[in-house]
Amino acid sequence: MATRTEEFIPKWIAWETTQRCNLNCVHCRCEGDFTTEEAFKLIDDICEVSKPVMVLSGGEPLMRKDIFEIARYGTDKGLRMCMATNGTLITDEVCRKMKEADIKMVSLSLDGSTAAIHDNFRNCPGAFEGTIRGAETLKRNGIKFLVNSSFTKRNQKDIGATFKLAKSLGATAWYMFMIVPTGRGEEIMNELISKEDYEEILSWHYEQEKNEEDILMRPTCAPHYYRIVPQMAKAEGVDFKRRSLTFSTGGGKGCIAAQTICLIDCFGNLKPCSYFHSSVGNVKQIPFKELWFNSKVFNDLRDFKKYQGKCGECEFINVCGGCRARADAVYGDYMAEEPFCNYIPNRTRKRMEKEAAELAPKK
C-alpha cells in the first residue's frame, strides 16, 4: 500500500456525469450515466479521502436535470464544485442556478477563433456562436469562467488567435490542451501535432505567459512544458515565477495523473486522468478510497523510478514525467517514454555517445 501522504491526495477530480451531449466533438470519449443517488454516494466516498475541486463534465452536464442538485450536494459537503460545459446551453436562468449551487468556476470549450474553425472541430454548425454567447452570459452574471482550447494539426495555426479571443471574452484563465489519442482521438492519430511543432508551440506559450498579466495561462497534457520553462528561463538569465491558480491541482510539475488528479467516467470507472484508456476499477463496486490508494496503476505512476526509456533517464523527470496516457496510447505501456517529446536527456546522450564510440572502427 502506498504511504498516505499529502503528496498523493486527490486535489482535482473530473467526473463525467452524463453521456448526453448536444455536440459531436472529434476527441470525445463519453458514455454512460449515474443516478442521482449514486452521484450523492460517490461524493460521500470521495469526502472520506479529501475535499478536492470536483469538475462536473460530460457529455454536456447541463443536459442532466439534476446537475444543480448534485452540485449543491457537493458544495454542502465542502467540495469546490466547478462545471465543464461547451457553453451553448448557458442562459441567465442557468447562471442563477449556478450561483445557488455555489459553482466556483465554469470552463468553456473554445477550439478556434472563428466559427469555421471551432465548428469544424466540434462537428456542429452554430457551436462557436453558442460558446461565445455562453461566455458573454457568464460575464454578464458575474460568474468566473476559464477557456479550454484543444488543438490538433487542423487548428494549430489558430492557437495565437484563439488565445487572444479567450482573453477578450474576459476569461479568468486559458488552458491550451494538446490532444491525447484516446476515445475518438484514436481515429485522428495522424492529426496529432508533431514533436517539433509541439516544442515550438510550448516555447511560444512560455513567451506569452512570461509577459501576461491579465489572464492566467496553462498548457495541459503538455508535461514537457515544465522542462522548457526552466531551460528557457536559464538561457535568458531570468527568474521566471509562474502565477498561481486559485483552483490548483498541486501541480508545479507536468503529468500529475494519479498523483493529485483523476477521472471518473460516466460508468463509474476510475482512471488516472481524463485521457487514460483503461480504468483501475469501478467506484460503484469498489470504494474510491480503496482504488485511489491501492491501485497498482496509480502506484506505478507515483514511482518515477519505474519510468522507462528517455523519461526514466531524464534529469527533468521530477518536474515533467511525460504524458502517461500518450505513452499508453502509442506504445501500449503507460510507463514508456513520452512519444511526443524530442528532448534527449543528458544520460541518454552520453550513453549514445559511448555506444557510438565503442562501435567506431579502431585506428
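How are helices α3 and α5 oriented to each other? The points below take up this question and several others about the predicted model.

1. **Helices α3 and α5.** Helix α3 covers residues 92-100, and helix α5 covers residues 127-140. Their axes come within 10 Å and cross at roughly 50°. The two helices, α3 and α5, are therefore oblique to each other. As for handedness, α3 and α5 make a right-handed crossing.

2. **Residues between α3 and α5.** On the α3 side, the residues in contact are Asp92, Cys95 and Met98, and on the α5 side they are Thr137, Leu138 and Arg140. Sorted by class, the contact of α3 with α5 holds three nonpolar residues, one polar residue and two charged residues.

3. **Helices α1 and α2.** Helix α1 is made of residues 36-47 and helix α2 of residues 67-76. They pack at an angle of about 20°, and their axes lie 10 Å apart. This angle makes α1 roughly parallel to α2. The crossing of α1 with α2 is right-handed. From α1, the contact draws on Thr36, Ala39, Phe40, Ile43 and Asp44, while α2 supplies Glu69, Ile70, Tyr73 and Gly74. The residues of this contact between α1 and α2 comprise five nonpolar, two polar and two charged.

4. **Cysteine 47.** Where is cysteine 47 found? This residue belongs to helix α1. Cysteine 47 and glycine 78 are separated by 31 residues in sequence, yet their C-alpha atoms are 8.2 Å apart in space. When neighbours within four places in sequence are set aside, cysteine 47 is in contact with Lys77 and Leu79.

5. **Helices α7 and α8.** Helix α7 spans residues 195-211, and helix α8 spans residues 225-236. The axes of α7 and α8 come within 10 Å, with a crossing angle of roughly 60°. Helices α7 and α8 are therefore oblique to each other, and their crossing is right-handed.

6. **Residues between α7 and α8.** Helix α7 contributes Glu199, Leu202, Ser203, His205, Tyr206, Glu207, Glu209 and Lys210 to the contact. These meet Tyr225, Arg227, Ile228, Val229, Met232, Ala233 and Glu236 of helix α8. In the contact of α7 with α8 there are seven nonpolar, two polar and six charged residues.

7. **Backbone details in two loops.** Which residues does a cis peptide bond join? The bond lies between glycine 58 and glycine 59, with an omega of about 20°. Glycine 59 is in the loop between β2, residues 53-57, and α2. A further point concerns asparagine 123, which has a positive phi of about 55° although it is not a glycine. The loop that holds asparagine 123 runs between α4, residues 115-122, and α5.

8. How many cavities of 30 Å³ or more are counted? The count is two. The largest cavity holds about 130 Å³ of space. Its lining consists of 14 residues, and those nearest the centre of this largest cavity are Lys310, Cys311, Cys314, Cys320 and Cys341. By class, the lining of the largest cavity divides into eight nonpolar, three polar and three charged residues.

9. **The second largest cavity.** About 50 Å³ of space is found in the second largest cavity. Its lining is formed by Phe151, Met178, Ile179, Leu192, Ile193, Tyr198, Arg326 and Phe340. Seven of the residues lining the second largest cavity are nonpolar, none is polar and one is charged.

How values were computed: Residues numbered from 1 in each chain as written. Predicted model: local features only at pLDDT ≥ 70, side-chain atom pairs only at ≥ 80, totals over all residues. Heavy atoms only, no water. Axes fitted to C-alpha atoms, helices over the stretch in contact; angles between N-to-C directions. Helix = DSSP H or I, 4+ residues; strand = E, 2+ residues; numbered from the N terminus. Parallel < 35°, antiparallel > 145°, perpendicular 65-115°, else oblique. Left-handed = near helix turned anticlockwise from the far one by under 90°. Contact = heavy atoms within 4.5 Å. Nonpolar A, V, L, I, M, F, W, Y, C, P; charged D, E, K, R; others polar. 1 Å grid on protein atoms, 1.4 Å probe; cavity = no way out; pocket = protein on both sides within 12 Å on 5 of 7 lines; lining within 4 Å. Points joined across faces, edges and corners; volume = space filled by probe spheres on them.
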